[in-house]
Amino acid sequence: MTVKQNAHALNVVKTFKAKLPDEIATQVGEAHFDELSLLIESAISAAVFDEMEKAANKVDRLAHEIRHFTESFDRD
């Protein structure tokens, strides 16, 4: 996980925690907030990887199209 993703996950948890009443935040406990941060970070990473895979597939398709075009290009 990148530092940026970790920082974003921590910020989301911090914002969520701030919206809770103090007694609820205390009951939840830091261990659970840490776990929530890891879950958020994991979700961010999964979404990023999915989008990167889609982009890689588009590049691959484009490369095949270009290769096909150059192979069938009339060179006269």
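User: What makes the meeting of the side chains of glutamate 30 and lysine 17 a salt bridge?

Analyst: The N to O distance between glutamate 30 and lysine 17 is 2.1 Å. A salt bridge calls for a side-chain nitrogen of Lys or Arg within 4 Å of a carboxyl oxygen of Asp or Glu. The pair's 2.1 Å is within 4 Å, so the name applies. This is a predicted model: local features need pLDDT of at least 70, side-chain atom pairs count only at pLDDT 80 or more, and totals for chains, interfaces and linings use all residues. Residues are numbered from 1 along each chain as its sequence is written, and side-chain values use heavy atoms, with hydrogens and water left out.

User: Which helices does the pair of glutamate 30 and lysine 17 link?

Analyst: Glutamate 30 sits in helix H3, and lysine 17 in helix H1 (residues 3-19). They are 13 residues apart, and the pair links distant parts of the chain. Helices here are DSSP runs (H or I, at least four residues; strands are E, at least two), numbered from the N terminus.

User: How many salt bridges does the whole structure hold?

Analyst: Two. Glutamate 51 also forms one, with lysine 54, at 3.2 Å between the closest N and O atoms. Both residues lie in helix H3, three residues apart, about one turn of the helix. Glutamate 51 is at 46%, so it counts as partly exposed. Lysine 54 is at 48% and therefore also partly exposed.

User: What makes the nonpolar surface patch, and how do you know that Val48 belongs?

Analyst: Val48, Phe49 and Met52 make the patch, about 300 Å² in area. Patch residues need over 30% relative accessible area and no salt bridge; nonpolar side chains (Val, Leu, Ile, Met, Phe, Trp, Tyr) are joined within 5 Å, like charges within 9 Å. Valine 48 has 32%, so it clears the area cut-off while being partly exposed. Valine 48 lies in helix H3 (residues 30-72).

User: Why is serine 72 called exposed?

Analyst: Serine 72 has a relative accessible area of 51%, which is over 50%, so it is exposed. Its place is in helix H3. Serine 72 and lysine 19 are 53 residues apart in sequence and 62 Å apart in space, C-alpha to C-alpha.

User: How many helices and strands does the protein chain have?

Analyst: Three helices and zero strands. From the N terminus the elements run α-α-α.

User: Why is the protein chain called more spread out than a compact globule?

Analyst: Its radius of gyration is 22 Å, well over the 11 Å that the globule rule gives for 76 residues, so the chain is more spread out. The radius is taken over C-alpha atoms, and the rule is 2.2 Å times the number of residues to the power 0.38. The C-alpha atoms fill a box of roughly 80 × 15 × 15 Å along the principal axes. Of the 76 residues, 14% count as buried.

How values were computed:
Accessible areas come from the Shrake-Rupley method with a 1.4 Å probe; for residues, only the protein chains shown count as cover. Buried means under 20% relative accessible area, exposed over 50%, partly exposed in between (1.4 Å probe, protein chains only).
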